[in-house]
Amino acid sequence: GTGATISSNIPTSLAETKFGVLLCTTGTTATGRVGYTLGSNMRLINLGQIPNGGFIEVGTEVVIPTLSNATNAYTYAFGLFSSVNVQYPTNGVGFFYTHGLNGGKFEANTFNNTVNSFSDTGIAVVAGTSYKLKIRIENNAGSYSAKFYINGNLYATITTNIPIVLTREVTLATYMLKSVGTTARTFLTDWVYMIVD
């Protein structure tokens, strides 16, 4: 990230239920960012190689302590992306949250060479609340779908603009990218996983 820090922490609000979390903090510049990925080159997974009847599933548990607003605006994202240094990747499948977008609710998105498909999850992000996010991308005889779950419930299914072209690779990533304001913002991650079958 830019001016960012990642540290192990046990926040007071989570201490009774969590052994420890990663505390990810943006810098204090208007363009501060922080996040982590499965691979540094951002090109490890080709969704078009999911076998017939197979899937890729990724998940995380996240807490956003302070909401994005007009004074300090940022985007939080989790999923499979081709880049993490822009608000939206060229290719990817993921959850997004930001001030002024979709009424402050989690949105589900797919990106195929910058062409986007969007679905409103209907779930408003609440400061300090823990969310379990899961994305499952399936191949059913060449018909691909991306399913988006929050706390175990399915809230969106997208079947268009999933980047399955062989040259449009992605990797597991989560990030926060500021666009307005100089106050550092954070997110907390308890766990992240990926299953390929």
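The side chain of T189 makes a polar contact with the side chain of Y36, at 3.1 Å. A polar contact here is a pair of N or O atoms within 3.5 Å; within protein, one must be able to donate a hydrogen and the other to accept it, and residues adjacent in sequence count only if both atoms are side-chain atoms.

Before I go on, this is a predicted model: local features need pLDDT of at least 70, side-chain atom pairs count only at pLDDT 80 or more, and totals for chains, interfaces and linings use all residues. Residues are numbered from 1 along each chain as its sequence is written, and side-chain values use heavy atoms, with hydrogens and water left out.

Back to T189. T189 sits in strand β13, residues 186-196. Strands are DSSP runs of E, at least two residues, numbered from the N terminus. Is T189 buried or exposed? T189 counts as buried because its relative accessibility is 3%; buried means under 20% relative accessible area, with a 1.4 Å probe and protein chains only. Leaving out residues up to four places away in sequence, T189 touches V21, L22, Y36, T60 and E61, where contact means heavy atoms within 4.5 Å.

Now the whole protein. It has 13 strands and zero helices; a helix would be a DSSP run of H or I, at least four residues. Of its 197 residues, 48% are buried. Among contacts with a separation of 6 or more, 63% join residues 24 or more positions apart.

Next, the sheet. Six strands form an open sheet, in the order β3-β12-β5-β6-β7-β8, with antiparallel pairing. Two strands pair if DSSP finds at least two bridges between them. The edge strands, β3 (33-37) and β8 (115-124), each pair on one side only. β3 and β12 are joined in the antiparallel sense over five bridges, and G35 stands opposite Y175 in β12.

Last, the core. A nonpolar core is a set of buried Ala, Val, Leu, Ile, Met, Phe, Trp, Tyr and Cys residues joined through side-chain atoms within 4.5 Å. The largest one has 35 residues, and those with the most contacts inside it include L47, Y76, F106 and L133. Elements giving two or more residues to this core include β4 (55-63), β9 (130-140) and β10 (143-150). Apart from this core lies another, of eight residues, among them A77, F96, Y175 and L177. In soluble globular proteins, nonpolar side chains tend to be buried together.

What does L133 contact, neighbours within four places in sequence aside? Its contacts include V58, Y76, F95, F106 and I150.

Key:
Buried < 20%, exposed > 50% of the residue type's maximum accessible area, 1.4 Å probe, protein only.
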